[in-house]
Amino acid sequence: MGHNMAADDNVPQEFRHHARPLLLNGLLAASEAIQRLERPETPSADARSPDLLIQIASAKAAAVSAGDQDEAKLCWQAEAIARAQLSFEDSFELMKNERFYEAWCELEQCEIIVASIKRHYTPSPDDLQRIGYIETMVARWQSIYPYAIFFSPEFLKKRVECSTCGAKVSLRNPCGHEKGEIYDGEQCYHRVVELKLLSISAVENPVQKYSVAFLSSEDGSGHRDHYDYSIVKFAVDRLISPYHGWHKEIQTRTVPIEALAHLLPSATCPCGSGTGFGECCASKQEVITPHLQFVFYVQPPEGLPPEQLNF
Amino acid sequence: MDIQIEVNETVQDRFFWLGQGLAHNNLAEVSSADLLIVPLKDFREGIPFAFHQDTASLARFLAKKMAGQAKVEVLADDEEYLELALHGASFRFCTIFVSVALAPLLINLLSSYIYDELKAKPSDTIEMSVVIEDHQCRSMHIGFKGDAKDFNSVVDKVSELSHECMTAKPAADSNTQSSARKSPAEIELQDTADDGA
């Protein structure tokens, strides 16, 4: 794919001589770049190579100059796949470094990139570029974060412009560009240039995941991260690579009452009811507690506690 | 999330909407539309009408898929078309008026739009409503809020309702329809009368 005869026929003669040599200068075609983005978990994978991204950009510019929209679109796919892999790997590194909120924001970026790719690219059954894997794992990482409340704005869009041509987005006189489609190797989006803010609400499932509710700092000058990231840390500490998969299983386990002798009656009951231990399960012989278990597909490094965690 | 499906007869029928003074420059087109997408009314103080995000894209998708079968219109002139960006990651559609005969096709196309165009995940929340107009001049509103994976329940509900309508005896008095349906000119006259009142 990638060679569009109809488009080439419309290319001025002077460009026909330049287009292919430029493409050959590094990459045969975007499909080769996509091939080089296979199996990012292997040491030879080169999504992180600046050369590859430069070569893709160069190939895209040549394709656009040649009027080869199919090739330009493939270049966009290659760029987006590389960006998704990099973003996923970056979020993993941020979690490793205990920069959890930054990792959360990067996971959101990764989710957005993957969503934009899915419209134009169907992973192969083997998912060689690991886009399907990344999509699944981003959702799994997000699911173990402690965030529950987010701030979300509500607004009226008063003027919206097309990113491709800059025209005002119109109901009855559309510019012809569809949001999400690829034109000249770039994805079209709508840019809100004038809006009216209507409200800001606290929600559980926000459009913008980065808008996490934090407490203000002691001196009121900023915010403080009061969240408990122990579950995220537990998981990331047991992984060497972002491409080592895992899933969680929510189970229950039975705890003899003697094992809870240290709990005061006023403590929150470990059964998860939300009420006090004294008025809930303190008089029982056994307490059934929720139990989160991680299943790691690659053996965690030695010297760590068992891969189980209670909450 | 739990599925919420509402089915009720609505007084906010097509003629109610055509009398709102919208799409004045395109009245002939919207009056004769087979599928009419209407805005949210009085969503917030000072915002009498507004549309959910990407309503224009949805209308273009439906028009393309129903080309030659049905005429799709949005009840607004260009300057009246304003979109909302709302809280919460849900896919929301404005109310669509559709005849009983076209309703099953519309629902199937919406399902295709949700999965193929929006690339919704099974757990994504969908909010939509359609008003099905039957040949007895009733307007039945079906509202759905639930996960994308449960959208089939709307298909079932619409099929059931369509079957009931199609097998029911058509309105005995055809004048009932002709008297209820107003021409654009009549609506304009009505608007003028309202303005003067």
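Author: Let us begin with one pair: F150(A) has V203(A) as its bridge partner in β4(A). Please keep in mind that this is a predicted model, in which local features need pLDDT of at least 70 and side-chain atom pairs count only at pLDDT 80 or more, while totals for chains, interfaces and linings use all residues. Residues are numbered from 1 along each chain as its sequence is written, and chains are lettered from A and ligands numbered from 1 in the order in which they are written.

Reader: ok, and which strands are pairing there, and over how many bridges?

Author: Strand β1 (residues 150–162) of chain A pairs with strand β4 (residues 190–203) of chain A, in the antiparallel sense and over 12 bridges. Strands here are DSSP runs of E with at least two residues, helices are runs of H or I with at least four, and both are numbered from the N terminus; two strands pair if DSSP finds at least two bridges between them. Within this pairing, P153(A) stands opposite I200(A) of β4(A).

Reader: what does β1(A) join in chain B?

Author: Three bridges join β1(A) to strand β6 (residues 83–85) of chain B, and these two run antiparallel. In β6(B), L84(B) is the bridge partner of L156(A), and E83(B) is the bridge partner of K157(A).

Reader: so what is the order of the strands in the sheet?

Author: The three strands form an open sheet in the order β4(A)-β1(A)-β6(B), with antiparallel pairing. The edge strands are β4 of chain A and β6 of chain B, each of which pairs on one side only. Neighbouring strands of this sheet are turned by 25° against each other on average, direction ignored, where the axes are lines fitted to C-alpha atoms (for helices over the stretch in contact) and angles run from 0 to 180 degrees between N-to-C directions.

Reader: how many residues of each chain are in contact with the other?

Author: In this interface, 18 residues of chain B are in contact with 21 residues of chain A, contact being defined as C-beta atoms, placed from the backbone, that lie within 7 Å. The largest share of the chain B side, three residues, comes from β6(B). By class, that side has 11 nonpolar, three polar and four charged residues; Ala, Val, Leu, Ile, Met, Phe, Trp, Tyr, Cys and Pro count as nonpolar, Asp, Glu, Lys and Arg as charged, and the others, Gly among them, as polar.

Reader: new topic: how is chain A divided into domains?

Author: Chain A is divided into domain 1 (5–143), domain 2 (150–224) and domain 3 (245–310), with bounds that come from an automatic or database domain assignment.

Terms used
Contact = placed C-beta atoms within 7 Å.
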